[in-house]
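Colleague: I would like to learn how to read a protein model feature by feature. Could we go through one together, taking the general idea before each case?

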Amino acid sequence: MMQSLAIFDLDHTLLDGDSDALWCAFLIDEGVLDGASFGPRNAETERGYRAGSISTQAFCDFYIGTLAGRTSAQWQPLRQRFVDERVLPRIKPGTAALLRRHRQQGDLLMLSTATNRFITEPTASALGFEHLIGTDCETDGQGRFTGRTRGTPNMRAGKIENLSAWLAARGQT
């Protein structure tokens, strides 16, 4: 018998909030981003996306842009504090029990999120997800984030495209 796949969304589903918005607020609080200049750009990006004048690609690139110029290793201490202080306390009640029930049923669990994979990997790990599909970040030859997505953003139709590619790579089309 084929194992059932249980796919979960993160933002506003398992998490009370949005990982990108929480990340930006955290970076402003830490002095990494200037709230006076970033805040209005963030609000304009949100408005434009909702109005349809900003593409999914541009929307994802805007948030991935917060990582630009540093490597994963350089971000690691802040990323871990962010997850510990801002994300894990906002995981919705009942999440652990829900995931436990699915595991007891033998389901294969996946977290699929529009938020970039770098920011969400520790959350997925803390929740016990073995499989994560998130928007991938482009890096340069020195391993620094470029501020652009790599591949198809895992948002809207991109979630279906990326899931289909993941299933195909596993021989489960």
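Colleague: Which residue follows α6, and is its phi positive or negative?

Modeller: The residue that follows α6 is G128, and its phi is positive, near 85 degrees. Helices here are DSSP runs of H or I with at least four residues, strands are runs of E with at least two, and both are numbered from the N terminus. Before we go on, please note that this is a predicted model, in which local features need pLDDT of at least 70 and side-chain atom pairs count only at pLDDT 80 or more, while totals for chains, interfaces and linings use all residues. Residues are numbered from 1 along each chain as its sequence is written, and side-chain values use heavy atoms, with hydrogens and water left out.

Colleague: What caps the N-terminal end of α6?

Modeller: The cap is N116, which has a side-chain oxygen 3.1 Å from the backbone nitrogen of F118.

Colleague: Which residues of α6 are buried, and what covers them?

Modeller: A residue is called buried when its relative accessible area is under 20%, exposed when it is over 50%, and partly exposed in between, using a 1.4 Å probe and protein chains only. In α6, which spans residues 117-126, the buried residues are F118, I119, T120, P122, T123 and A124. Their cover includes the helices α1 (19-29) and α4 (72-87), together with the strands β2 (108-116), β3 (131-139) and β4 (145-150).

Colleague: Why does T123 count as buried, and which residues does T123 touch?

Modeller: T123 counts as buried because its relative accessibility is 1%. Contact means heavy atoms within 4.5 Å, and, leaving aside residues up to four places away in sequence, T123 touches L10, V83, V87 and I91.

Colleague: How should I read a nonpolar core, and which residues touch the most other members of the largest one?

Modeller: In soluble globular proteins, nonpolar side chains tend to be buried together. A nonpolar core is a set of buried Ala, Val, Leu, Ile, Met, Phe, Trp, Tyr and Cys residues joined through side-chain atoms within 4.5 Å. The largest core here has 37 residues, of which F8, W23, L67, W75, F82, L111 and F129 touch the most other members. At least two residues of this core come from each of β1 (5-8), α1, α2 (35-51), α3 (56-64), α4, β2, α6 and β3. A second, separate core has five residues, among them M110, I133, L163 and W166. Returning to F82, its contacts, not counting residues up to four places away in sequence, are S19, L22, W23, F26, V87 and I119.

Colleague: Which residues of α3 are buried, and what do they pack against?

Modeller: In α3, F59, C60, D61, F62, Y63 and I64 are buried, and the buried residues of this helix pack against α1, α2, β2, β3 and β4.

Colleague: How many salt bridges does a search of the whole structure find?

Modeller: Side chains of opposite charge can pair when their charged atoms come close. A salt bridge is counted when a side-chain nitrogen of Lys or Arg lies within 4 Å of a carboxyl oxygen of Asp or Glu, and the search of the whole structure finds eleven. One of them joins the side chains of D9 and K159, at 2.9 Å from N to O. Because D9 lies in the loop between β1 and α1 and K159 in helix α7 (residues 157-169), this pair ties together parts that are 150 residues apart in sequence. Elsewhere, E30, R81 and E85 are linked in a network of salt bridges.

Colleague: Where do E44 and R47 lie?

Modeller: An α-helix has 3.6 residues a turn, so residues three or four places apart point the same way. E44 and R47 both lie in helix α2, three residues apart, about one turn of the helix, and the closest N and O atoms of their salt bridge are 3.0 Å apart.

Colleague: How do the strands β2, β3 and β4 run beside one another, parallel or antiparallel?

Modeller: Two strands pair if DSSP finds at least two bridges between them. Four bridges join β2 to β3, which run parallel, and S112 stands opposite I133 in β3. Three bridges join β3 to β4, which run antiparallel, and D136 has R150 in β4 as its bridge partner. R150 and D136 also form a salt bridge, with their closest N and O atoms 3.7 Å apart.

Definitions and conventions. A polar contact is a pair of N or O atoms within 3.5 Å; within protein, one must be able to donate a hydrogen and the other to accept it, and residues adjacent in sequence count only if both atoms are side-chain atoms.
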